[in-house]
Amino acid sequence: MVKQAGKFILLAILLSSGLLCKAQDNIIDQIIWVVGDEAILKSDVEKARQMMLSRGERIEGDPYCLIPEQLAVQKLFLDQAKIDSIDVPTAEVSRGVTRQENMVIANLGSKEKVEEYLQASMSQLREEWREEIRNGYLVSEVKKKLVGKKSSLTPSEVRRYYAQLPQDSLPYIPTTVEVQIITNEPIVPLAEIDKVKERLRDFTNRVNAGESFSTLAIMYSEDGSAQNGGETGFSGRASWVTEFSNMAFSLNDPKKVSNIVETEYGFHIIQLIERRGDLINVRHILLRPKVPEAEFEKAIAKMDSITKDIKQNKFTFEDATVLSFDKDTRKNNGLMVNRKESTNYGTPRFLKEELPPAVAIAVDKLKVGEVSAPFRMKTDNGKEVVAIVKLRSRTEGHVANVSDDYQALKEIVESHKQEEILRKWLQTKIKDTYVFIDENWRNCDFQYSGWLKDDTAGKVR
């Protein structure tokens with residue numbers, strides 16, 4: 001009965017997707033997996049592979065085995081997210097789209113190269129990234145709910161874990177660095193700011209004359225929310241930077257457009273959509289003034305002068321951090337703090353791949369204590385700045401030991417516990433879910449067993 005139901009599910013997906021063709025040569029795309037009532041297409045796998053490469057990620061193993069299984073696992077978590085009715089903060093997704101765009105452009109060199117490599121326009125890519133980031137958030141929330149709060153591991157538990165590991169199984173701690181940074185934002189000419197404000201005033205007039213704010217946002221906004229008509233989703237005051245939040249929460253009439261508000265991201269106009277208690281939903285248009293190349297050259301010259309003075313011992317790098325435009329590091333001698341989800345979160349330690357791409361390139365050439373030449377980089381808020389960095393320390397990769405790597409070992413033990421909880425949940429979910437895999441995509445050593453219902457060892461026969 002289950003097999004018969006599975007056939008009906010697959011047939012329904014094939015018919016609704018328009019991929020059921022009379023001849024194999026005529027198939028535009030191909031369904032390679034079905035998980036529940038969700039299809040995974042061959043094109044989905046190829047897109048995911050190209051995106052991973054565009055971000056500079058290494059793919060360990062056969063991507064055409066690894067990626068389909070990853071997509072299948074994601075669909076199981078997303079199904080659970082529906083059951084749990086998990087909401088996604090639209091503002092957080094928009095910020096994620098901006099970070100993703102900046103990272104890919106930094107890795108490939110320019111917007112034009114990104115579009116050429118990924119064979120899609122930037123607007124199309126933003127929409128795909130929006131869905132990817134939204135799904136990532138949902139998966140993360142489901143995992144948090146499944147594993148619950150972190151347990152309180154005692155030092156004796158960590159030492160016991162370390163002691164019972166064979167010498168050839170001791171965890172390897174990869175190379176980490178600590179980096180100090182000073183940034184300089186090129187001066188934006190008043191004429192450029194005036195141009196942006198004039199465009200925003202024109203948009204306001206057009207909305208007042210009957211044009212759609214949402215359409216204008218799609219066409220002109222430089223924020224990740226543009227593809228969603230500038231809509232942020234229901235959010236509280238703490239979801240946004242202060243200037244934006246104050247203006248948004250001062251709005252009462254959905255028919256009116258706010259005055260122009262400046263934030264660290266650029267200049268905005270905002271329109272209220274709906275208010276629900278302490279939450280509001282708004283749409284906005286963001287424009288960023290264009291910085292002339294001559295201003296970047298001036299900023300580079302200024303930073304180059306600072307670098308030379310440091311090397312001539314006129315003052316220290318730490319002394320010069322008071323000149324930095326980076327508010328997160330300026331009061332901490334320029335020391336960067338890791339905000340990536342990893343064992344290094346909340347510490348000044350970074351793996352190379354956890355650093356902003358431009359910083360990673362600069363640090364790679366430095367010895368401990370050395371200061372880099374000035375370079376250009378994009379910040380999380382989308383601004384392009386000029387920076388110099390100092391390599392404060394480098395801890396070479398090594399086999400873990402309790403005295404030097406207690407915190408890392410504690411995180412590993414905790415991670416193992418959580419992975420076991422998630423693995424057991426996934427194996428049960430796989431067992432209870434209809435799964436179809438095209439015969440040409442079965443010859444894989446999958447991470448999880450049971451994708452084929454006669455599979456008990458994980459390796460598909």
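Trainee: How many disulfides does the structure hold?

Mentor: The structure holds one disulfide. This is a predicted model, in which local features need pLDDT of at least 70, side-chain atom pairs count only at pLDDT 80 or more, and totals for chains, interfaces and linings use all residues. Residues are numbered from 1 along each chain as its sequence is written, and side-chain values use heavy atoms, with hydrogens and water left out.

Trainee: What makes the link of cysteine 65 to cysteine 444 a disulfide?

Mentor: The definition asks for a pair of cysteine sulfur atoms within 2.5 Å. Cysteine 65 and cysteine 444 have an S to S distance of 1.9 Å. That value meets the cut-off, so the pair is a disulfide. The angle about the S-S bond is -75 degrees, and the link is left-handed.

Trainee: Which parts of the chain does the pair link?

Mentor: Distant ones: cysteine 65 sits in helix H3 and cysteine 444 in the segment after E11, 379 residues apart. Helices (H or I, at least four residues) and strands (E, at least two) are DSSP runs, numbered from the N terminus. The protein has 14 helices and eleven strands.

Trainee: Why is cysteine 65 called buried?

Mentor: Buried means under 20% relative accessible area, exposed over 50%, and partly exposed in between, with a 1.4 Å probe and protein chains only. Cysteine 65 has 14%, so cysteine 65 is buried. Cysteine 444 has 6% relative accessibility, so cysteine 444 counts as buried too. Across the protein, buried residues make up 44% of the 461 residues.

Trainee: Why is the pair of tryptophan 33 and tryptophan 451 called edge-to-face?

Mentor: Rings of Phe, Tyr and Trp (its six-membered ring) pair if their centres lie within 6.5 Å; planes under 30 degrees apart count as stacked, over 60 as edge-to-face and the rest as tilted. By this rule there are seven aromatic pairs. Tryptophan 33 and tryptophan 451 have ring centres 5.1 Å apart and planes at 75 degrees, so the pair is edge-to-face. Tryptophan 33 lies in strand E1 and tryptophan 451 in the segment after E11, 418 residues apart. Tryptophan 33 is buried, at 0% relative accessible area. Tryptophan 451 is also at 0% and counts as buried.

Trainee: What makes phenylalanine 77 and tryptophan 425 a stacked pair?

Mentor: Their planes are 15 degrees apart and their centres 5.1 Å apart. Under 30 degrees counts as stacked, so the label holds. Phenylalanine 77 lies in helix H3 and tryptophan 425 in helix H14, so the pair ties together parts 348 residues apart in sequence. Phenylalanine 77 and tryptophan 425 are buried.

Trainee: Which residues do ring pairs link into a cluster?

Mentor: Trp33, Phe446 and Trp451. Contact means heavy atoms within 4.5 Å. Beyond its neighbours within four places in sequence, tryptophan 33 is in contact with residues including Ile40, Pro68, Ala72, Phe446 and Trp451.

Trainee: What is the largest nonpolar core made of?

Mentor: A nonpolar core is a set of buried Ala, Val, Leu, Ile, Met, Phe, Trp, Tyr and Cys residues joined through side-chain atoms within 4.5 Å. The largest has 36 residues; those with the most contacts inside it are Trp33, Ile40, Phe77, Leu426, Ile437 and Trp451. Elements that each supply at least two of its residues include strand E1 (31-35), helix H3 (63-84) and helix H14 (402-431). H3 gives the most, with nine residues. Apart from this core lies another of 18 residues, among them Val177, Leu355, Ala362 and Leu366.

Trainee: Which residues of H11 are buried?

Mentor: Glu295, Phe296, Ala299, Met303, Ile306, Thr307, Asp309 and Ile310. They cover an arc of only 165 degrees around the axis, which puts them on the same side of H11. The arc is taken from the directions from the helix axis to the C-beta atoms. The face turned away from the buried side carries exposed Glu297, Lys298 and Lys311. The buried residues of H11 pack against strand E4 (176-184), helix H12 (317-320), strand E8 (375-378) and strand E9 (384-395).
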